[in-house]
Amino acid sequence: MAGKKTAKVPRAAYEQELLRLQTELVKLQEWVRAEGTRLVVVFEGRDAAGKGGTIKRVSEHLNPRVARTVALPKPTERERTQWYFQRYVEHLPAAGEIVLLDRSWYNRAGVEHVMGFCTKEEYQLFLRQCPIFERMLVEEGILLRKYWFSVSDTEQQKRFRQRLKDPTRRWKLSPMDLESITRWEAYSRAKDEMLVHTDISEAPWFVVESDDKRRARLNMIAHLLSSVPYHEVPPPVLKLPPRPPSTGYQRPPRDLQTYVPDHAASL
């Protein structure tokens with residue numbers, strides 16, 4: 001369950017602070033690029049906990065060549081025969097890159113374990129290897145931040161109902177999501193066990209209360225910014241050059257090209 005209910009953040013205050021934080025994220029991005037830093041941000045939590053919406057706000061104004069979101073599908077037959085962490089390693093950032101993991105290797109500690117998609121032996125091996133794997137990442141110099149989005153059962157069901165009615169978000173609701181309703185306590189136990197084994201000093205978990213999506217987004221972004229020792233990198237001085245005089249270029253007749261119909265004119 002999420003924490004005690006608090007008043008929702010007013011939209012005007014939310015939008016003003018979100019823009020300020022997003023401006024700081026751009027500064028963070030430029031620092032990462034200039035310093036050759038490697039940053040990985042893990043987003044985990046229950047279905048409909050607000051991970052996707054937060055990732056969208058984090059990446060909204062960032063350069064996709066620097067900050068990319070990784071959301072892997074279920075493993076292929078070949079990937080199932082690999083070392084479990086192998087498919088994630090190839091998505092780790094190089095120097096000057098940020099990777100936002102929309103779910104991560106922690107699938108094994110959550111959905112795979114609860115739904116029986118892995119064996120007990122594979123699950124126990126993951127719990128032993130995961131802290132070692134993450135310590136290796138940190139020792140290699142990668143900045144690793146892990147966020148768990150916590151949502152109450154009441155709020156989760158409310159969001160599921162909204163997705164059922166909204167054709168633009170219906171794709172977000174899968175049979176696996178609905179199955180999670182009947183396995184709420186199993187997922188709770190799995191989360192508790194995961195934290196016991198993987199909440200390590202080198203890469204601790206940070207819990208984001210997410211019943212209020214606006215508050216969750218602001219809190220998560222503010223914390224991420226506060227946890228990285230970035231500074232503003234002065235941008236290069238740019239000046240628009242004067243447009244040169246015409247050399248006689250003539251545009252081809254418009255009727256030689258096919259234009260998109262003016263749908264907006266019908267509104």
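Colleague: Which residues of α9 are exposed on the other side?

Modeller: This is a predicted model. In it, E185, R189 and V196 are the exposed residues on the other side of α9.

Colleague: And which residues of α9 are buried?

Modeller: They are W184, Y187, S188, A190, M194 and T198. Their arc around the axis is only 165 degrees, so they lie on the same side of α9.

Colleague: What do the buried residues of α9 pack against?

Modeller: Several elements. Among them are the helices α5 (111-115), α6 (120-139), α7 (153-165) and α8 (175-182). The strands β4 (143-150) and β5 (205-209) are partners too.

Colleague: How many residues does helix α9 have?

Modeller: Helix α9 covers residues 184-198, which makes 15 residues. From first C-alpha to last, α9 reaches 21 Å. That is close to the 21 Å expected at 1.5 Å a residue.

Colleague: Now a pair of helices. What describes how two helices pack?

Modeller: Two values do: the angle between the axes and the distance between them. Take α1 (residues 11-35) and α10 (residues 213-227): the angle is about 25 degrees, and the axes are 10 Å apart. Angles under 35 degrees count as roughly parallel, so α1 is roughly parallel to α10.

Colleague: Is the crossing of α1 and α10 left-handed or right-handed?

Modeller: Left-handed. Residues making the contact include L18, L21, L25 and L28 of α1, along with L218, I221, L224 and L225 of α10.

Colleague: How many helices and strands does the protein have?

Modeller: There are 10 helices and 5 strands. Of its 267 residues, 39% count as buried.

Notes:
Residues are numbered from 1 along each chain as its sequence is written. This is a predicted model: local features need pLDDT of at least 70, side-chain atom pairs count only at pLDDT 80 or more; totals for chains, interfaces and linings use all residues. Side-chain values use heavy atoms; hydrogens and water are left out. Helices (H or I, at least four residues) and strands (E, at least two) are DSSP runs, numbered from the N terminus. The expected span of a helix is 1.5 Å times one less than its number of residues. Buried means under 20% relative accessible area, exposed over 50%, partly exposed in between (1.4 Å probe, protein chains only). The arc is that of the directions from the helix axis to the C-beta atoms. Contact means heavy atoms within 4.5 Å. Axes are lines fitted to C-alpha atoms, for helices over the stretch in contact, and angles run from 0 to 180 degrees between N-to-C directions. Angles under 35 degrees count as roughly parallel, over 145 as roughly antiparallel, 65 to 115 as roughly perpendicular and the rest as oblique. A crossing is left-handed if the near helix is turned anticlockwise from the far one by less than a right angle, and right-handed if clockwise.
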